[in-house]
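Hi,

Here is the structure I said I would pass on. Have a look at it first, and my notes follow below.

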Amino acid sequence: MKTINLSLLRQEDFSYSIYIEQGILTRLSDYLSHLFQGNKYLIITDSNVEKLYGNNILESMIESGFETYLFAFPAGEKQKNIDTKIDIESYMFQKKFGRDSVIIALGGGVVGDLSGFTASTFNRGIPYIQIPTTLLAQVDSSIGGKTAIDVSYGKNLIGTFYQPKMVIIDPLVLKSLPNEEYIAGMAEVVKHAIIQDESLFKLLYDQSDAIMSRDMDVLERIIEWNCDIKRRVVEGDEKEGNLRRILNYGHTIGHAIEKLMNYQTLHGECVAMGMLVEAEIARISGYLDASRVKDIERLISRFSLPTRVPTEQSE
């Protein structure tokens, strides 16, 4: 018998920076020039963000000398599927994108997941940048490299771990976020406080009025705090072998609720309901005091998030 060993031991650095600053999007070209030279860019966004920021950023990048294109798909969770991914890839082939190209994910979690997944497979992997425009994406989904699409069997069942090259967060974009989307994003903030930081839990309760009124200085602090929590967890367990599973708190039940509600209920709202169901399971199992469940429910209620699973599913 002949044996041939192929040795592929390697060490790669997937580190990146998360930049958080009010008004940072006005200087986007400076960051791109620093990291990437002579590439072709594709801004991937949805129909809502396209009108608010996409076209302006496209024009700004073209004026700065970047060869840039924009692909927008209809907004909504139902677009996070293989058909949309194929549409994006077809557009990239038509515009002659290659391995020296860069994808910019401009939007919320749906845009970020689709963009990251496309970047991870197009020409076997090209760089991408996260520019989250929702609170949920700024504090959670834009960080950590989880990418995925939904299938008929459930949410996020096909995807990759693929880290962005950088994350650019401008809290000012939250001013244009619809109230229900903003409130839904607070579910992920509350989640981080519950699983990792008692001080953040207390601050959220004490500063809830300022948060609900979108005080930008308070928001910038909270975004930075949450990003640092996510950063620590991902550094300890990039591919969810153990520790990172704590970030799924509220999501196991929440994803089931989303599917049962035919994705008509916002992700953050489903996570809020999922956190309370899972907290109650923990109480019944002897892992959580009843008083702590009440504390969690009070904080969730503080941000007008739902605390009870609907008795009827959406058509």
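Lys 191 makes a salt bridge with Asp 140, with 3.3 Å between the closest N and O atoms. (For salt bridges I took a side-chain nitrogen of Lys or Arg within 4 Å of a carboxyl oxygen of Asp or Glu.) This pair links distant parts of the chain: Lys 191 sits in helix 6 (residues 179-196) and Asp 140 in helix 5 (residues 135-141), 51 residues apart. Helices here are DSSP runs of H or I with at least four residues, strands are runs of E with at least two, and both are numbered from the N terminus. Lys 191 is buried, at a relative accessible area of 1%, and Asp 140 is buried too, at 8%. Buried means under 20% relative accessible area, exposed means over 50%, and partly exposed is in between, using a 1.4 Å probe and protein chains only.

Before going further, keep in mind that this is a predicted model: local features need pLDDT of at least 70 and side-chain atom pairs count only at pLDDT 80 or more, while totals for chains, interfaces and linings use all residues. Residues are numbered from 1 along each chain as its sequence is written, and side-chain values use heavy atoms, with hydrogens and water left out.

Back to the charges. The structure holds 22 salt bridges. As a reminder, side chains of opposite charge can pair when their charged atoms come close. Lys 85 and Glu 89 form one of them, their closest N and O atoms being 2.5 Å apart. Because they are 4 residues apart in helix 3 (residues 82-94), about one helical turn separates Lys 85 from Glu 89. Both of these residues are buried. Another pair is Asp 206 with Lys 202, where the closest N and O atoms are 2.7 Å apart. Those two both lie in helix 7 (residues 198-206), again 4 residues apart, about one turn of the helix. Here Lys 202 is exposed, with a relative accessible area of 54%, and Asp 206 is partly exposed at 48%. There is also a network: salt bridges with shared partners join Glu 77, Lys 80, Asp 113, Asp 150, Lys 155 and Glu 258.

Now the nonpolar side. I counted a nonpolar core as a set of buried Ala, Val, Leu, Ile, Met, Phe, Trp, Tyr and Cys residues joined through side-chain atoms within 4.5 Å. The largest such core has 43 residues, and Leu 135 and Leu 204 have the most contacts inside it. Elements that give two or more residues to this core include helix 5, strand 8 (166-169), helix 9 (216-236) and helix 12 (290-302). Helix 6 gives the most, with 9 residues. What does Leu 204 touch, leaving aside its neighbours within four places in sequence? Its contacts (heavy atoms within 4.5 Å) are Met 186, Val 189, Val 190, Ala 193, Ile 211, Ile 222, Leu 299 and Phe 303. Apart from that core lies another, of 22 residues, among them Val 49, Ile 57, Leu 70 and Val 173.

Strand 2 (residues 40-46) is worth a look as well. All 7 of its 7 residues are buried. Both faces are covered, with Lys 40, Leu 42, Ile 44 and Asp 46 on one side and Tyr 41, Ile 43 and Thr 45 on the other. Strand 2 runs parallel to strand 3 (residues 67-73), joined by 7 bridges, and Thr 45 has Ala 72 as its bridge partner. (Two strands pair if DSSP finds at least two bridges between them.) The chain gets from strand 2 to strand 3 through helix 2 (residues 47-63), in a right-handed β-α-β crossover; right-handed means that, with the strands pointing away from the viewer, the path from the first strand over the helix to the second runs clockwise. Strand 4 (residues 101-107) is also parallel to strand 2, with 5 bridges, and there Val 102 stands opposite Tyr 41.

Last, some backbone. Asn 262 has a phi near 55° and Tyr 263 a phi near 60°, both positive values in residues other than glycine. Asn 262 is partly exposed at 27%, whereas Tyr 263 is buried at 19%.

Cheers
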